[in-house]
Amino acid sequence: MASQAAEGVVEGGRPALLDVLRPTSTDEVQRMVIAARDARQAIYPVSTGLNWGYGGADPVRPGARLMDLSGMRAIREKITPLNPVAVIEPGVTQADLHQHLQRHCPSLMFNVTGSAAATSIIGNALDRGVGYLGPRREDLFGLEVVTGAGQLIHTGFRRLGVDSPLRHCHPYGLGPMLDGLFFQSNFGVVTSACFKLLPRPPRQVAVSLALRSQERLGEFVDVLAALKRERLMDSVTHIGNKARTQASLQYGMNSYLQTECGLSGRQLELAVQRATARVAPHEWTSLGGVAGTARQVDAALAEVRARVGGLARMTTVDDRKLALGHAVLHALRFLPWARANAAAIAAIKPLHGLAAGIPTDAAVDNLLWKFGRTDLSAQQLAQSSSGVLFISPALPMDGKFVAMFVKKMIETAREHQHTLYLTLNIEMANTLVAVSNLLFDRSDPVAVASAQRCADALYGLIREHRLEVYRARTDMMASITEVSAEYWETVRELKRVLDPMGIISPGRYGTS
Ligand SMILES: Cc1cc2nc3c(=O)[nH]c(=O)nc-3n(C[C@H](O)[C@H](O)[C@H](O)COP(=O)(O)OP(=O)(O)OC[C@H]3O[C@@H](n4cnc5c(N)ncnc54)[C@H](O)[C@@H]3O)c2cc1C
């Protein structure tokens, strides 16, 4: 279970790349793949290459040519509310699609992630990333792919061709579903895909629940899981520990209190503490959402309140409440309690926007602030010394098990003198993911080695319990094939068919 521990794989460096290919069309991709196949030259395709915390744009093995697809940025067909699907190329970012919808089809939105606005949709979905409303895997279908053999294929009913009215609407097609082969794999280069859009609901309310006693985490998970299963709270519910919640809000709170209230030093510190206590008074706080017509939302909120009972303090927030709260509290910001609440609202606002499909740089800006580089844009995170390692196990939706395992993860991190930033993401009806990360100073080799040791220990713990991560970092790829030998042998056989020379991203997700 050794990790490469190279600085590059920790966060966005680019070790041992031969050069960068920048195709701008599917034809060009196909020509480049055929040339690479004939020369037996490895290529590593990325969409926008901002896979921070999972290895950035680093290839698993040195000696590859990076294929940077960020120049393929077209939204190919007209989007209409009657067929809410966008046919996008890999370089289309969250910001691009959001702006496009605002301009051409404002009644539609999409499932945005908490990563930066400049991150891709296709690359994120192919690595099975997760948005505010659920796993992106569910949103992508009808792939156009250049396989490692150099063949251009279309999955689902996209294979029926551009004249078929079914090409962009039916996600399954007929026969075996090949789509799944291209997620978390290295069989081809995806050059465009259909991406599901969503009608904007008439009303959206964010629901935050602050668990009163951390001893009752298991019970809390079970209550929230039932709300998900019964579709009363349909978005992903994020249950964050205090370290995570604080980390997500610090920059927003500090900048409001500094720029709008002129605070500094001890006064600033106290005001931030007060604002944080308002949002996260206890160890665990959840954030989820309810959407629908006004009556549906009111009924769902009443049900949530009844189920949660005395277990947690419930706060609801919507756009109107945020705007009104900000207007009143901002005017009263000369009073300490008012400015603490106004600072909390300023920090929450961009996160609340995720529910409405508005991408934000807030999470990355928090990192840049922590590492003293607010001069950089979110997209430039890799230029800062911010080190991030994600280690995120999938867990069964069983509150008792989750509470036991999470306690062990936090203890393991503590033994390595690390804080674990943790969110329990209730994404699906029967399973959740503990998205956890370590933060460290990447410019300090001792800190890098310590974080790698801690990440390895956490992975050991995951394995001991016969669990697995839901998504692997570049430096973990060799380890993930240590279990289930027959499974990975079948994957290798598929690789031989789709990429016989093994030129696409060698070593990624189990195959050479
Ligand atoms: C503060 C912070 C918050 C984050 N929040 C989230 C979050 O909410 N949800 C989440 O999922 N992630 C999150 N991330 C992780 C990461 O930033 C995002 O997942 C991001 O979208 C991935 O980068 P990308 O879109 O540029 O994908 P890429 O880096 O382009 O792609 C990821 C991988 O997929 C493969 N790939 C990409 N494109 C292609 C293609 N066209 N053909 C074949 N293979 C391809 C490559 O192997 C590539 O390495 C977060 C990270 C940080 C630091």
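Two strands are taken to pair if DSSP finds at least two bridges between them. The model described here is predicted.

**Strand S14 and its partners**

By that criterion, strand S13 (residues 237-241) pairs with S14: four bridges join the two strands, which run antiparallel. Within this pairing, His238 stands opposite Leu287 of S14. Strand S12 (residues 203-211) is also joined to S14, here by eight bridges and again in an antiparallel arrangement. Val205 is the residue that faces Val290 of S14. S14 itself spans residues 284-292 and is mostly covered, with eight of its nine residues buried.

**The parallel sheet**

Strands of a sheet pair through backbone hydrogen bonds, either parallel or antiparallel. An open sheet of three strands, in the order S1-S3-S2, has parallel pairing. Strand S1 (20-21) and S2 stand at its edges; each has a single partner strand, so one side of each is left without a neighbour in the sheet. S1 and S3 are linked in the parallel sense over two bridges, and Leu21 has Met67 of S3 as its bridge partner. S2 pairs with strand S3 (residues 65-68), also in the parallel sense, over four bridges. Here Ile43 is placed opposite Arg65 of S3.

Which residues of S2 point one way, and which the other? In a regular strand the side chains alternate between the two faces of the sheet. In strand S2 (residues 43-46), Ile43 and Pro45 point one way while Tyr44 and Val46 point the other way, and all are buried.

**The antiparallel sheet**

An open sheet of four strands has the order S4-S10-S8-S9 and antiparallel pairing. Strand S4 (85-88) and strand S9 (152-154) are the edge strands, each pairing on one side only. From one strand to the next, the twist averages 15 degrees. Strand S8 (residues 140-147) is paired with S9 in the antiparallel sense over three bridges, with Val145 opposite Ile153 of S9.

| Strand pair | Sense | Bridges |
|---|---|---|
| S12 and S14 | antiparallel | eight bridges |
| S13 and S14 | antiparallel | four bridges |
| S2 and S3 | parallel | four bridges |
| S1 and S3 | parallel | two bridges |
| S8 and S9 | antiparallel | three bridges |

**Gly131**

Gly131 lies in strand S6 (residues 130-131). Is Gly131 buried or exposed? A residue counts as buried if 20 or more other C-beta atoms lie within 10 Å of its own; Gly131 has 25 within 10 Å and is therefore buried. Leaving aside residues up to four places away in sequence, Gly131 touches Asn111, Val112, Thr113 and Arg136. The C-alpha atoms of Gly131 and Ala302 are separated by 26 Å, the two residues being 171 residues apart along the chain.

**Helices H12 and H13**

Two packed helices are described by the angle between their axes and the distance between the axes. Helix H12 (residues 399-415) packs against helix H13 (residues 445-464) at an angle of about 150 degrees, and their axes are 9 Å apart. Angles over 145 degrees count as roughly antiparallel, which means that H12 is roughly antiparallel to H13. The crossing of these two helices is right-handed. H12 contributes Lys408, Met409, Thr412 and Ala413 to the contact, and H13 contributes Cys454, Ala457, Leu458 and Leu461. By class, the residues of the contact of H12 with H13 are six nonpolar, one polar and one charged.

Note on methods: Residues are numbered from 1 along each chain as its sequence is written. This is a predicted model: local features need pLDDT of at least 70, side-chain atom pairs count only at pLDDT 80 or more; totals for chains, interfaces and linings use all residues. Axes are lines fitted to C-alpha atoms, for helices over the stretch in contact, and angles run from 0 to 180 degrees between N-to-C directions. Angles under 35 degrees count as roughly parallel, over 145 as roughly antiparallel, 65 to 115 as roughly perpendicular and the rest as oblique. A crossing is left-handed if the near helix is turned anticlockwise from the far one by less than a right angle, and right-handed if clockwise. Two residues are in contact if their C-beta atoms, placed from the backbone, lie within 7 Å. Ala, Val, Leu, Ile, Met, Phe, Trp, Tyr, Cys and Pro count as nonpolar, Asp, Glu, Lys and Arg as charged, and the others, Gly among them, as polar. A residue is buried if 20 or more other C-beta atoms lie within 10 Å of its own, exposed if 12 or fewer, and partly exposed in between; C-beta atoms are placed from the backbone.
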